[in-house]
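This report looks at side-chain contacts.

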Amino acid sequence: MLHTIENDFLRMTIDDTGAQMMSITAADGTEYLWSGDSAYWGGRAPNLFPYVGRLTDDVYTVDGRSYGMKRHGFSRHMTFETQKQAPDKAAFRLAATEETKAVYPWDFAFSVAYELDGSTVFITYCVENRDSRDLYFGLGAHPGFRAPLESGKCFEDYRLTFRRPCQPWRVEMSDAYMISGQETPYPLEDGVTMPLRHSLFDRDAVILKNMDRTVTLSAGEGTKGVTLSIPRMRYLGVWHTPKSDAPFVCLEPWVSLPARQDVVEDFSQQNDLITLSPGEIYRNRWSITVF
């Protein structure tokens with residue numbers, strides 16, 4: 001079921017399957033979110049929980065037992081309960097079921113809340129440990145944005161610009177799209193700019209760490225674009241369909257990384273997962289501003 005929220009600047013549609021954003025439209029009619037054209041990529045803006053990326057052989061362990069889980073976790077395929085909705089805000093919750101416990105053996109609640117404030121969408125993730133033991137999870141977002149956003153522009157006109165000069169490191173991937181264990185400096189033009197080109201994604205995502213936590217996608221001054229503010233996200237994935245001319249780019253804020261190549265991860269030992277004690281609640285708020 002689709003839900004719509006709006007204010008004087010934005011109209012936004014959310015699907016309760018995955019609590020996924022389906023559309024972000026400005027008052028002038030500009031659509032910012034990718035359309036989900038399956039010729040390139042059928043997603044739009046999945047929420048990734050309780051894992052980001054791939055697991056070796058789609059398997060992990062905890063407490064000496066093995067469990068199977070597909071790429072990017074299961075929440076993106078499940079129907080969330082609508083918690084509340086107002087004209088400019090909506091919240092959705094997924095609670096543990098027997099189905100989820102077969103692949104993720106904890107009692108949890110995962111909530112996604114959206115709130116519009118002017119031309120900004122605030123997204124808040126909330127994870128609650130309802131179990132009697134520590135809860136381990138990964139978390140991230142996968143929104144795709146149209147590029148180009150306006151006529152007369154092409155994909156290669158676009159760039160990412162970080163708010164402040166920084167020296168990111170690239171988390172290298174193996175040929176199987178797992179974490180290789182290698183990290184290399186990723187130089188930016190003038191310390192702030194990452195030009196986009198289709199070939200950048202021939203080996204899947206560019207995953208950055210140690211980057212500034214505010215980044216803008218645009219084709220330069222005076223053009224339409226989006227700014228992400230991700231203060232509590234450790235990593236930024238930049239992606240479109242490999243070896244294609246896809247007219248979109250995903251800007252993916254992540255708390256955690258995929259599994260290491262040839263390592264079946266023990267969730268209690270994977271050091272970038274979040275650990276919650278029984279009864280503890282984790283919150284992470286980030287935002288998308290359009291212009």
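## Salt bridges

The side chains of E81 and R93 form a salt bridge at 3.2 Å, N to O (a side-chain nitrogen of Lys or Arg within 4 Å of a carboxyl oxygen of Asp or Glu). The pair links distant parts of the chain, 12 residues apart: E81 is in strand β7 (residues 81-86) and R93 in strand β8 (residues 89-95). E81 is partly exposed at 45% relative accessibility (buried means under 20% relative accessible area, exposed over 50%, partly exposed in between; 1.4 Å probe, protein chains only). R93 is partly exposed too, at 25%. Salt bridges with shared partners join D63, D131 and R133 into one network.

The whole structure holds 13 salt bridges. Among them is D28 with K224, at 2.8 Å, N to O. D28 is exposed, at 51% relative accessible area.

## Model and numbering

This is a predicted model; local features need pLDDT of at least 70, side-chain atom pairs count only at pLDDT 80 or more, and totals for chains, interfaces and linings use all residues. Residues are numbered from 1 along each chain as its sequence is written, and side-chain values use heavy atoms, leaving out hydrogens and water.

## Aromatic pairs

There are 21 aromatic pairs in the structure (Phe, Tyr and Trp rings, for Trp the six-membered one, with centres within 6.5 Å; planes under 30 degrees apart are stacked, over 60 edge-to-face, the rest tilted). F49 and F110 are stacked, 4.4 Å centre to centre with 20 degrees between the planes. Both F49 and F110 are buried.

Y104 and W106 form a tilted pair: 4.7 Å centre to centre, 55 degrees between the planes. Y104 is buried at 0% relative accessible area. W106 is buried at 0% as well.

Terms used. Helices (H or I, at least four residues) and strands (E, at least two) are DSSP runs, numbered from the N terminus.
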